[in-house]
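Please look over the chain below. A short report on its fold, its confidence and a few single residues follows.

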Amino acid sequence: GFLAENAGFARRCAAEGLVFIGPSPDVIDAMGGKIAARAAARTAGMPVVPGTDRAVVSAAEIFAFAARFGYPVAIKASAGGGGKGLKIARSDKEVGEALDLAAKEAAAYFKDATVYVERYLPAPQHIEVQILGDKHGGVVHCGERECSLQRRHQKLVEETPANISPQVRERLLSAAVALARSIGYDSAGTIECLVEGDDFFFLEMNTRIQ
């Protein structure tokens with residue numbers, strides 16, 4: 001359940017002399033929020049979807065973002081996942097309601113109303129990379145899987161290998177390993193990405209066995 005990605009729970013396990021099957025609490029903290037995770041991906045040289053680097057609290061901030069990148073935009077819960085706390089605005093008129101609903105859903109589902117904005121990619125491929133890290137700095141990938149067939153942002157089918165070019169696959173897998181190594185990842189985990197043509201973007205990381 002959600003305890004699998006709860007840094008406080010992992011720390012309590014260590015305090016009680018138990019071995020937590022998962023990454024270190026510091027890594028869970030670093031990748032648990034999407035805003036911080038995007039920053040970590042950029043630091044590691046992995047492309048991210050154009051978006052804000054901090055929480056968004058007003059419609060004016062979204063108007064400014066859309067003026068630069070265009071509509072539609074995705075307003076997303078920083079602590080979210082599975083399509084919860086995600087709202088799409090396709091014009092200035094839709095921004096206010098979308099921002100309000102995204103923040104309310106984020107607070108209700110994740111007890112954190114923090115939201116940010118990304119450029120919305122209407123029809124990307126959803127590609128995930130399985131990562132394995134050890135306690136000595138070693139990181140390998142176990143290939144990629146395609147999870148593009150979804151309903152309401154919930155995956156219905158996962159298949160491997162993904163329907164991407166060998167060049168994109170090589171770059172994507174290398175970037176995922178570099179990111180995991182950069183943050184000191186030391187367990188099994190999943191790096192989720194969006195692929196659009198020959199471009200790929202970091203989406204989020206699940207810091208748990210999946």
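Of the 210 residues in the chain, 41% are buried. The model is predicted. The chain exposes about 10700 Å². A compact globule of 210 residues would have a radius of gyration near 17 Å, and the chain agrees, because its own value is 17 Å. Along the principal axes, the C-alpha atoms fill a box of roughly 50 × 45 × 30 Å. Take the contacts with a separation of 6 or more: residues 24 or more positions apart account for 56% of them.

**Confidence**

The mean pLDDT of the chain is 92. A pLDDT of 70 or more is reached by 100% of its residues. Among the elements, helix 6 has the highest mean pLDDT, at 97. Strand 7, residues 154-155, has the lowest, at 85. Where pLDDT is low, predicted coordinates should not be read in detail.

The chain has 6 helices and 9 strands.

Strand 4 (residues 125-133) and strand 8 (residues 188-196) pair over 8 bridges, in the antiparallel sense. Glu128 has its bridge partner in strand 8, namely Glu192. Strands of a sheet pair through backbone hydrogen bonds.

Another open sheet has 3 strands, in the order 2-1-3, with antiparallel pairing. Strand 2 (84-89) and strand 3 (115-119) stand at its edges. Each of these has a single partner strand, so one side of each lacks a neighbour in the sheet. The twist averages 25 degrees from one strand to the next.

Strand 1 (residues 73-81) and strand 3 run antiparallel and are joined by 5 bridges. In strand 3, Arg119 is the bridge partner of Val73. Helix 5 (residues 92-110) packs on this sheet and touches strand 1, strand 2 and strand 3. The direction of helix 5 makes about 175 degrees with that of strand 2. Helix 3 lies across strand 1 and strand 3, and runs at about 100 degrees to strand 1.

| Helix | Reference strand | Angle |
|---|---|---|
| Helix 5 | Strand 2 | about 175 degrees |
| Helix 3 | Strand 1 | about 100 degrees |

**Met46**

Met46 is found in the loop between helix 3 (34-43) and helix 4 (59-69). Is Met46 buried or exposed? Met46 counts as buried because its relative accessibility is 2%, and the cut-off for buried is under 20%.

What does Met46 touch, leaving out residues up to four places away in sequence? The partners are Ala41, Leu172, Ala175, Ala176, Leu179, Ile191, Cys193, Phe200 and Phe202. Met46 and Ala113 are 67 residues apart in sequence. In space, Met46 and Ala113 are 27 Å apart, C-alpha to C-alpha.

**Backbone details in the loops**

Where are the cis peptide bonds reported here? One joins Tyr71 and Pro72, with omega about 0 degrees. Pro72 lies in the loop between helix 4 and strand 1. Another joins Thr160 and Pro161, again with omega about 0 degrees. Pro161 has its place in the loop between strand 7 and helix 6.

Lys111 is not a glycine, although its phi is positive, at about 55 degrees. Lys111 lies in the loop between helix 5 and strand 3. Lys111 is exposed, because its relative accessible area is 76% and the cut-off for exposed is over 50%.

Conventions: Residues are numbered from 1 along each chain as its sequence is written. This is a predicted model: local features need pLDDT of at least 70, side-chain atom pairs count only at pLDDT 80 or more; totals for chains, interfaces and linings use all residues. Side-chain values use heavy atoms; hydrogens and water are left out. Two strands pair if DSSP finds at least two bridges between them. Helices (H or I, at least four residues) and strands (E, at least two) are DSSP runs, numbered from the N terminus. pLDDT is the predictor's confidence in each residue, from 0 to 100. The radius of gyration is taken over C-alpha atoms; the globule rule is 2.2 Å times the number of residues to the power 0.38. Buried means under 20% relative accessible area, exposed over 50%, partly exposed in between (1.4 Å probe, protein chains only). Contact means heavy atoms within 4.5 Å. Accessible areas come from the Shrake-Rupley method with a 1.4 Å probe; for residues, only the protein chains shown count as cover. Axes are lines fitted to C-alpha atoms, for helices over the stretch in contact, and angles run from 0 to 180 degrees between N-to-C directions.
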